[in-house]
Amino acid sequence: MISEETLRRNAVLQCTWDDRIAITFPYRQDGKVEGEIDKLSMEEAGFRNCVSVPDGAPVEISDKVLPSEDKDTAYQYLWNCKKYIEKASRIILATDADAPGQALAEELARRLGREMYRFQLLDIF
């Protein structure tokens, strides 16, 4: 139930491929993103300034010291958006309620800095 307006705003298109109707999602970086429908659903709920993280969630929370931004390759997408994140007064982390989703929320909060932002955690089922 994604509205035409949201689909248009995100350049999501319908096309015919191999005699079947297909939905096409634009990829703006490296050609691979997970969670397209989650991102569109968040927009439908009124959260327009949202993204879906690439490559899914980690299996568990790391017990290692956080690497420097330039060495934090698994979360480089986060550092690439740093100038936008710094402008935010509130960050909502909406992850799956399973163990990897909870690990992702924790890893993101560790990197973003709990002391800098008001966090609101949402469990998506």
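1. At 58% relative accessibility, D55 counts as exposed, where exposed means over 50% relative accessible area, buried under 20% and partly exposed in between (1.4 Å probe, protein chains only). D55 lies in the loop between α2 (36–44) and α3, and has a positive phi of about 70° although it is not a glycine.

2. A11 also has a positive phi, near 60°, and is likewise a residue other than glycine. A11 sits in the loop between α1 (4–9) and β1 (13–17) and, at 35% relative accessibility, counts as partly exposed.

3. This is a predicted model, in which local features need pLDDT of at least 70 and side-chain atom pairs count only at pLDDT 80 or more, whereas totals for chains, interfaces and linings use all residues. Residues are numbered from 1 along each chain as its sequence is written, and side-chain values use heavy atoms, with hydrogens and water left out.

4. The protein has five helices and four strands, running α-β-β-α-α-α-β-α-β from the N terminus; these are DSSP runs numbered from the N terminus, helices being H or I of at least four residues and strands E of at least two.

5. The largest nonpolar core comprises 12 residues, among them V53, W79, I85 and L104; such a core is a set of buried Ala, Val, Leu, Ile, Met, Phe, Trp, Tyr and Cys residues joined through side-chain atoms within 4.5 Å. At least two residues of this core come from each of α3 (76–80), β3 (90–96) and α5 (99–112), and α5 gives the most, with four.

6. Buried residues make up 26% of the 125 residues in the protein.
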